[in-house]
Amino acid sequence: MTMMRCMENAADSLYKDKLIRGFCHLFKSQEAIAVGLKAAITNKDCIITAYRDHCTFFSRGGTLPEVFAELMGSRDGCSVGKGCSLQFYKKDSSGQGTAGAQIPLGCGLAYAQKYSKDESVTFAFYGDGAANQEQLLAALDIYAQWKLPAILVCENNHCEGSECNSIDGKEIAEWRAEESSRGYPKDGDFVLKVGISWEAESQVLLTVYTVKIFGSSLVDGMNVLAVKQICKFAKKCALKNGPIILEIDIDRCHGQSMSDPGSTHGTCDEISGVRQERDPIERSRKLILSNDLATEKELKAFYFTCGFISILMLLGICFC
């Protein structure tokens, strides 16, 4: 998690120095999700996530040179420089630049796994900003009817930033964006989606989906051990009974992307409190020290090493 934090801090600096162009969505304060998931699954399992994908790629065996090369649009990057920050590609994990589009793509991955009978599953991640999209509801129907070995994971930071739930590219609080704060439908939910055809404003298209999901669970996404245990349980459940939904509760202490200063997330005192009490690295540090797994001196040495590696990467990039 510390290496991921240093990597994202380095990306932050590169973006501000205009060496990274376009969008750049950082994973800072969400590292427990990538690390906990990695510890719970095998290399046969697939992960498909949204555009906040740097740390997911890194946790699955990606390297720092591949990460920074892709961020800067180099052909040495993991997606040959074509995806930049939005679409990191690896055979067993991938990011998707369009909000919510990864959910139906996960159907294909899970179907292939069920067809091959190799006891593997697909984790399809989406944000709370995509939870009210019609494609999610349609995909859930396929997941459920075919009993696909899949876990749909809603990363809920209670502040939505999708194309339809944002103002001037900045996130807005979920209570202003939707009626329900849940990032998923429960058993028997009836969801009414209304779409207006602007070419013929008098025509209103109504589509009603009845979505039945076999199970759902809420987990603290800032606790790496909690994420690991729930992902292990969810994998067993999905292999036996079909799809399951996890809602991971997180507090992201920065904006939707580097173009958003993060002022919509709360006051400075609120953000500072989250960093002190819920930050996954700080919580893990306290847990390690309280159980005498390492000393404060050893942890400081480790933090220094991670920071030193990221600085070397920055220097290498700047001089290339």
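Accessible areas here come from the Shrake-Rupley method with a 1.4 Å probe, and for residues only the protein chains shown count as cover. On that basis, the chain exposes about 16,000 Å², with carbon and sulfur atoms supplying 57% of it.

A word on sources. This is a predicted model: local features need pLDDT of at least 70, side-chain atom pairs count only at pLDDT 80 or more, and totals for chains, interfaces and linings use all residues. Residues are numbered from 1 along each chain as its sequence is written, and side-chain values use heavy atoms, leaving out hydrogens and water.

Now the chain. It has 11 helices and 12 strands; these are DSSP runs, helices (H or I) of at least four residues and strands (E) of at least two, numbered from the N terminus. Of its 320 residues, 49% are buried, meaning under 20% relative accessible area with a 1.4 Å probe, protein chains only.

Next, helix H6, residues 134–145. Its 12 residues reach 17 Å from first C-alpha to last, close to the 16 Å expected, which is 1.5 Å times one less than the number of residues. Which residues of H6 are buried? Leu136, Leu137, Ala139, Leu140, Tyr143 and Ala144. They sit on the same side of H6, because they cover an arc of only 165° around the axis, taken from the directions from the helix axis to the C-beta atoms. After H6 comes lysine 147, with a positive phi near 50°.

Notes:
Buried means under 20% relative accessible area, exposed over 50%, partly exposed in between (1.4 Å probe, protein chains only).
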